[in-house]
Amino acid sequence: MDKKQIHKELQFKAMRSSGAGGQHVNKVSSKVELSFNVPDSDGLSDREKQRILLKLQSRLTNDGVFILQCDEARSQHRNKDLVMKRFFDLLKKALIVPKKRKPTKPTKSSKEKRLKSKKKISEKKDFRKRPGLGEH
């Protein structure tokens, strides 16, 4: 992943935020929308593109464009920084390949420990029973 190249490929659009905020919200375009075209990116290898398209499928448009918005701060610059940080965090998380699980067998001592604890619990429950005059 070439962070500098990806940074060049990012496209930003500023728009007015929605919701309450009075006059400030009505006249300032502080909401920032980031868009990144995953299939056309030169900053990602083909394998990375496939992984991102698979992992972030729900966040992509039909053309494979990744869109993020931020309108948390009152400042457009602050929102731009926030949305870029969020974007790179999501990319990094999507590119992590989980370790393959190696199946193992339980050890002899762990089997014995499990059986002992089962026996102990069974005895505890037996002591709770009312003493009988004999088994039927």
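Is Asp2 buried, partly exposed or exposed? Select Asp2 to find out. This is a predicted model. Asp2 sits in the segment before α1. Its relative accessible area is 40%, so Asp2 is partly exposed; the buried class ends under 20% and the exposed class begins over 50%.

**Helix α4**

Now select residues 76-95, which form helix α4. The helix has 20 residues. From its first C-alpha to its last it reaches 29 Å, close to the 28 Å expected at 1.5 Å a residue.

Zoom in on the start of α4. Here a side-chain oxygen of Ser75 comes to within 3.2 Å of the backbone nitrogen of His77.

Next, colour the buried residues of α4: Asn79, Leu82, Val83, Met84, Phe87, Phe88, Leu90, Leu91, Ala94 and Leu95. What do they pack against? Show α1 (3-9), β1 (11-15), β2 (31-37), α3 and β3 (65-70); these elements are the packing partners of the buried residues of α4.

**Asn79**

Stay in α4 and centre on Asn79. Its relative accessibility is 0%, so Asn79 counts as buried. Leave out residues up to four places away in sequence, and display what Asn79 touches. Ser30, Lys31 and Val32 are among these contacts. Cys70, Asp71, Glu72 and Ala73 are contacts of Asn79 too.

**Where α3 meets α4**

Which residues make the contact? On α3, pick Glu48, Arg51, Ile52 and Lys55. On α4, pick Leu91, Ala94 and Leu95.

**Gly64**

Last stop: the loop between α3 and β3, where Gly64 is found. Is Gly64 buried or exposed? Its relative accessible area is 5%, so Gly64 is buried.

Show the contacts of Gly64, again without residues up to four places away in sequence. Gly64 touches Phe36, Asn37, Val38, Pro39 and Leu53.

Finally, draw a distance from Gly64 to Leu90. C-alpha to C-alpha, the two are 15 Å apart in space. In sequence, 26 residues separate Gly64 and Leu90.

Key
Residues are numbered from 1 along each chain as its sequence is written. This is a predicted model: local features need pLDDT of at least 70, side-chain atom pairs count only at pLDDT 80 or more; totals for chains, interfaces and linings use all residues. Side-chain values use heavy atoms; hydrogens and water are left out. Helices (H or I, at least four residues) and strands (E, at least two) are DSSP runs, numbered from the N terminus. Buried means under 20% relative accessible area, exposed over 50%, partly exposed in between (1.4 Å probe, protein chains only). Contact means heavy atoms within 4.5 Å. The expected span of a helix is 1.5 Å times one less than its number of residues. A polar contact is a pair of N or O atoms within 3.5 Å; within protein, one must be able to donate a hydrogen and the other to accept it, and residues adjacent in sequence count only if both atoms are side-chain atoms.
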